Amino acid sequence: MRKNQFFKYFTIFIWLSFILIPYIWMFITSIKSPNELYTFPLKYFPHKPTLEGYKLLIETTPFLSYMKNSIIVAIFTVIIALFVAILASYSFSRFDFKGKMPLSFIFLITQMFPAILLAIPLFLLMRNLGILNTPLSLILAHSTFAVPFSTWMITGFLNSIPRELDEAAQIDGCGKLGALRHVIIPVASPGIIAATIYIFIYSWNEFLYALTFTSDIRARTIPVGLHTFMGEYIIRWDLLTAGGVITGLPVIIFFMIIQKYLIKGLTEGAVKG
Amino acid sequence: MKNSKFLIFFILVLILALLISPIQGQKKTVIKYWLWLDDPTDPMFPDLVKQFNSLNPDIQVEYELIPLAQYYDKLVTAVGAGTAPDCARFKDWWLGAFVDAGALEPLDNYLNNWNGYKDVITNLWTTGKIHAKSPIYMMPHQLITFYLYYRKDWFKEKNLPPPTDLSKFLDAAKKLTDPSKNRYGFGLRGGAGGQDQWLAFMVAQGARLVDRTGKVIADSPEAILANQWYIDLFRVHKVAPPSAPTDAYAQVLGAFQAGITAMMAHHVGSSVLVTQRLGEENVGVVPMPPADPRRPATMMTMSGNVILSGSKNKDAAFKFISWLTEKDQMDKWCRSRQGQLPVLKSVASMPYYMNNIFFKVSLDQAKYAIAWPPLPGVGYISAQLWLSLMQRALLGEITSKEMMVEIANALRKK
Amino acid sequence: MHLERSNLIYRWEKRVFPFLLLLPAFILIIGVVAYPIVRALWLSFHNYNPLKPHASEYTGFENYLKILRDSVFSIALRNSIFWIIGVVLFQFLGGLLGALILRQNFRGRSIVRGLSLIPWVTPSILIAIMWIWMLDGNYGIINDILLKLGIISKYIPWLAQKNTALPSVMIADIWRGIPFFAIMLLAAMEAIPEELYEAAKIDGAGPFKIFTHITWPLILPTVIITTMLRIIWTANHMDLILIMTDGGPGFSSLIIPLMSYHTAYKQLNFGYGATIAILQGLFLIIFISLYLRLLRKRGSIY
């Protein structure tokens, strides 16, 4: 038994180091002074660690505005895309109708072309809608491109839930939408949480549309903001790495809070209740 | 009841405010300006804009800071979609393609009335033209000429003379290369942006991409030989680090700073970083070493400012971009972290620049430096073609001749 | 009377309600994506320079015929296939292992699960430059560690060599994508009723048998869908390659979307750039529909 315990923690350790080493390296870089960046032979730890990069990032760059924009865009994208995708996957998973396969396939076709190809016509569309350089343009684009994948993901999870469950709920007097809300969504919560994370991170990291549709701090998001730290002849490693370290934090904290819904306690409660 | 009255009042005020705001806006001419900057934390440029806006109450300059890596793409998109800014920072590489499309406004009429015209270093007006007799499309602003850094301490150690011509350069590079110690003679840049360094070595050997009449001669025997010499630095003499085919600016600079390479071809843009790290006493600088000391040559590249032909406020746009090139503003810019070489005689002769060896060597070179020919194909060559050709040549997949023929074809393309 | 009513319900259920549920999604998708895709098709039959939008000419199938003769396209196609298979396969294997590890009960599990997202939430520019830096041929940490462990005898310029450039970028992309698979598979595993495991344990099944008989069959639908989505995603996302090698050295890490981008934006030949992308889109559509048909026959998905 003890050997088992050891093995378990050993695998967790290996997993974490694989995941974290580049991130830790980024963190170490962020607290090195510029003079210690390029050294041969390689120095692992800074002689004099400094938080100057973080201070400059917050005080002299609009990083916090970028972050605010990123958060707004990601949250609204999650709300819209999730709502739309849940309805669509409910339809795909629970109803038999003509043209189901082709329709679900059309969802995928939208994803089969490189985003760069669609950038200019989308730019024109946003201009005609008059929403260039607003978070709205990004929310619209991100939701659209997040819906197909999340619909497929959620459909997959819904399919693994026995139909008897929602049929029983309908007999109990819930309508179709009632069954969706009170039975299916709670039971499928691990899958829906997983899709939420997917949508959030997609929007959080999306670069191309964010670059094309925004022009200043009113709507610019973190990925574009970080690119401005790579100048022609100066690369601000300190700002880049400090920004990289900070960027992940809100998402990780958000996930730590919601991850408890990934476990099945909730689903069992819903089924029994 | 009270509430709804208040609401109506509020809505009325809102409508009124909306109606008034465009009227107020019309009083000022709004100028959109795009640029890239080296360091977004530097307050120099925002301060300049503030200063300009307060000096010109009728003009409001709004600028957009765009990362350089995406700058060209974004400008292309904007021109194609009809949403280009009024004026923009620009590179001589892109002139050919943009002028060919009629996207840039000729500046000659404006320049006739600009009193700074004669103060610009004479040779530099050519960087804004697409051929000898064409109008000027770009206002010179920040200049770069390529020179050579070398490690004084290492040269002294081995008793080597400064690399003032190409045979001394090659000799020193060979003697200072020792792979077992991870030391190499020269930081060759085969990765992104390496075309400027390459062109400097090409012209220093006497090779040209176009002749005086504008005919493309990039595939001439001289050019093929000169390119072969450059490729051989890596393939035959092995004086560059093995990572050279993909080394971009960050890697080349890093290797010089870390004491891996003994020489690096670059310009004033890196002088502060290099001397800070290695100490001023250890860093030497020489003009680009030519093959024939009687015929010095190096490459220069200009980043200037252009007015887009779709702009509705060209007068105001010119006022702003010409103001940026005037003496005090230019001096401020050149002394900042974004600083490159001033293009004005009155600024270049200031003690600050004359007493700085890096500025001085660069400015002395400006008299004979050669820019990329302003042909439409140069945009593609500098953005993509050169890179993949050079890398394949460095890996031995294509010959020097094949590479130069492709470059010549791209230059000839209309 | 009764019959008519049930007929109505039947119609409502078959013909109206499911479409009503799909409506918001289609409004979004058609409103936003339809025009750009039609536009891309239009471009592929034209000679189009975005700086000269009014000088475009209809060229028929010329762009498509050109691809057949384009040797760079076949290099890019080969690289793309290698890239997609390698990246998705290892992301899946790593993600499966990760999900199995994260599913266990241990102290600090929620923190470990949160940290596991790090590669996925890091902006791609930072992933790219951190890996460039770690892989650097002169002062990279990976060379340093491998040298100290005695695995290599001298520093290797990973990104500058023909045969190591693409695999190096793939490692960075695999690292980034593993958490995606891990979270998706973890969610699927968490949806498996605990009773099944308890019953298997009572029957005396070992961990391997439990995995092959319970976990794997029940997560299989998720595996299939996730893998398919990841294939499409990986085929079209070039952000890491763009920053890390830009397709180089030479063409050794050039993949199709990157070639399309170079052609469109650097060469200002949008017509040919669009053709390249559309051809890849067609390959993907064919591949994915075969994949789905195969699976439908086996009854793994609806």
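**Note on the predicted model: chains A, B and C**

1. Order of elements in chain A. Reading from the N terminus, chain A runs α-α-α-α-α-α-α-α-α-α-α-α-α. That comes to 13 helices and zero strands. Bear in mind throughout that this is a predicted model.

2. Extent and packing of chain A. The C-alpha trace spans about 70 × 65 × 30 Å along its principal axes. Chain A has 273 residues, and 53% of them count as buried. Take the contacts in chain A with a separation of 6 or more: 77% of these link residues 24 or more positions apart.

3. Confidence in chain A. The average pLDDT of chain A is 84. A score of at least 70 is reached by 93% of its residues. Where in chain A is confidence highest, and where lowest? The highest value belongs to helix α3 (residues 63-94) of chain A, at 93. The lowest belongs to helix α13 (residues 265-272) of chain A, with a mean of 39.

4. A caution on one stretch. Over residues 265-273 of chain A, pLDDT stays under 50. The model has 11 contacts beyond four places in sequence for this stretch. Where pLDDT is low, predicted coordinates should not be read in detail.

5. Chain C against chain A. The contact draws 75 residues from chain C and 80 residues from chain A. On the chain C side, helix α1 (residues 2-44) of chain C gives the largest share, with 18 residues. What is the make-up by class of the side of chain C that touches chain A? It has 53 nonpolar, 13 polar and nine charged residues.

6. The five-stranded sheet of chain B. Five strands of chain B form an open sheet, in the order β2-β1-β3-β9-β4. The pairing is mixed. At the edges stand β2 (59-65) and β4 (139-145) of chain B, each pairing on one side only. From one strand to the next, the twist averages 20°.

7. One pair in that sheet. Strand β1 (residues 29-35) of chain B and β2(B) run parallel. Seven bridges join them. To place one residue: Ile31(B) has Val61(B) in β2(B) as its bridge partner.

8. The four-stranded sheet of chain B. Another open sheet has four strands, ordered β6-β7-β5-β8 (chain B), again with mixed pairing.

9. β6(B) pairs with strand β7 (residues 261-266) of chain B in the parallel sense, over two bridges. Tyr184(B) stands opposite Thr261(B) in β7(B). Helix α16 (residues 357-365) of chain B lies across β5 (147-151) and β8 of chain B. Its direction is at about 10° to β8(B).

10. A helix pair in chain B. The axes of helix α17 (residues 377-394) and helix α18 (residues 400-412) of chain B come within 10 Å. They cross at roughly 170°. α17(B) and α18(B) are therefore roughly antiparallel. The residues making the contact include Tyr380(B), Leu385(B) and Leu389(B) of α17(B), and Met403(B), Ile407(B) and Leu411(B) of α18(B). By class, this contact has nine nonpolar, two polar and one charged residues. Among its residues is Glu406(B) of α18(B).

Notes:
Residues numbered from 1 in each chain as written. Chains lettered and ligands numbered in written order. Predicted model: local features only at pLDDT ≥ 70, side-chain atom pairs only at ≥ 80, totals over all residues. pLDDT = per-residue confidence, 0-100. Contact = placed C-beta atoms within 7 Å. Pairing = 2+ DSSP bridges. Axes fitted to C-alpha atoms, helices over the stretch in contact; angles between N-to-C directions. Nonpolar A, V, L, I, M, F, W, Y, C, P; charged D, E, K, R; others polar. Parallel < 35°, antiparallel > 145°, perpendicular 65-115°, else oblique. Buried ≥ 20, exposed ≤ 12 C-beta atoms within 10 Å, placed from the backbone.
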